[in-house]
Amino acid sequence: MHKGKHSKVLIPYLYILPAFFFLFIFTYFPIFHAIFISFFKWNTAYPTKVFNGFQNYIGLLKNKVFWKVLKNTIIYSLGTISLSMSLGLFLAVQIYKRIKLGGLFKVALFYPMLIPGAAAALIWRWIYFPTYGLLGYMLAGIGLKDFPWLSNTSTALWCIVAVGVWKYMGYYMIIFLAGLNNIPNELIDAA
């Protein structure tokens, strides 16, 4: 009886052991290995690893390109997440109000999430292309001059943020819509 009690406690852990194995092999091991090799002066052209300590990190902090990349990453992340979530919430509330063709809007707005990243990049490259892109064609239609959207440093990051918002706002809309649909009618009536 005492032995059976321990096996009942152990069995659930045996079921999740394969998942933890793959999580360790494909997630935790690469992270820890990358941290480990970051303390070495090592290059694939020179396979000998020489312990370097914190010199790689000190060099990184002195590098101006690192700070520019970090700034661009923060701008992209904050811009994409805040705009995607805001637009997703707005669209979810509009669809929740039971507008006509709500199902069609759900599919149309969630569809960009289903497009692979490489295909979405090609679509938006064609839209932003300065000589024959869709955006340039539309601007020419209203009498405005075309612009090199992706090759201009002041607009390239914001164009990429726009692509991220387009791709992810449907995902947030579905999440918010699921939450709105689970609010009891009594709470809505009380509000």
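Analyst: Going from the N terminus, the elements follow the order α-β-β-α-α-α-α-α-α-α, which gives eight helices and two strands. (Helices are DSSP runs of H or I with at least four residues, strands are E runs of at least two, and both are numbered from the N terminus.) The radius of gyration is 25 Å, well over the 16 Å that the globule rule gives for 191 residues, so the protein is more spread out than a compact globule. (That radius is taken over C-alpha atoms, and the rule is 2.2 Å times the number of residues to the power 0.38.) Along the principal axes, the C-alpha atoms fill a box of roughly 75 × 60 × 30 Å.

Before zooming in, keep in mind that this is a predicted model: local features need pLDDT of at least 70, side-chain atom pairs count only at pLDDT 80 or more, and totals for chains, interfaces and linings use all residues. Residues are numbered from 1 along each chain as its sequence is written, and side-chain values use heavy atoms, with hydrogens and water left out.

(Buried is under 20% relative accessible area, exposed is over 50% and partly exposed is in between, with a 1.4 Å probe and protein chains only.) The accessible surface is about 14,800 Å², and carbon and sulfur atoms make up 74% of it. (The areas come from the Shrake-Rupley method with a 1.4 Å probe; for residues, only the protein chains shown count as cover.) If you take contacts between residues at least 6 apart in sequence, 54% of them join residues at least 24 apart. (A contact means heavy atoms within 4.5 Å.)

Helix 7 covers residues 156-181, and threonine 155 belongs to the loop between helix 6 (134-141) and helix 7. Threonine 155 is buried, because its relative accessibility is 16%. Its side chain reaches back to the backbone oxygen of tryptophan 149, at 2.7 Å. (A polar contact is a pair of N or O atoms within 3.5 Å; within protein, one must be able to donate a hydrogen and the other to accept it, and residues adjacent in sequence count only if both atoms are side-chain atoms.) Tryptophan 149 also turns up among the residues that threonine 155 touches, along with Phe147 and Pro148, once residues up to four places away in sequence are left out.

Setting aside neighbours within four places, leucine 150 is in contact with Tyr128, Ala156 and Cys159. Leucine 150 and arginine 125 are 25 residues apart along the chain, with 8.4 Å between their C-alpha atoms. Lysine 145 lies in this loop as well, but it is exposed, with a relative accessible area of 75%.

Now for helix 7 itself, where you'll find tryptophan 166. At 22% relative accessibility, tryptophan 166 counts as partly exposed. Not counting residues up to four places away, tryptophan 166 touches Pro112, Ile115, Ala120 and Trp124.

Two of those names come back in the largest pocket, which has a volume of about 200 Å³. It has 14 lining residues, and Ala120, Ala121, Trp124, Ile160 and Val163 are the closest to its centre. Helix 5 (117-128) and helix 7 are the elements that give two or more residues to the lining. (On a 1 Å grid over the protein atoms alone, a pocket is an open set of points where a 1.4 Å probe fits, with protein on both sides within 12 Å along at least five of seven lines; lining residues have an atom within 4 Å of a point.)

Helix 3 (residues 64-96) comes into the picture through threonine 80. Threonine 80 is buried, with a relative accessible area of 6%. Apart from residues up to four places away, it touches Val161, Gly164, Val165 and Tyr168. A polar atom of the threonine 80 side chain also lies 2.8 Å from the backbone oxygen of tyrosine 76.

Key:
Points joined across faces, edges and corners; volume = space filled by probe spheres on them.
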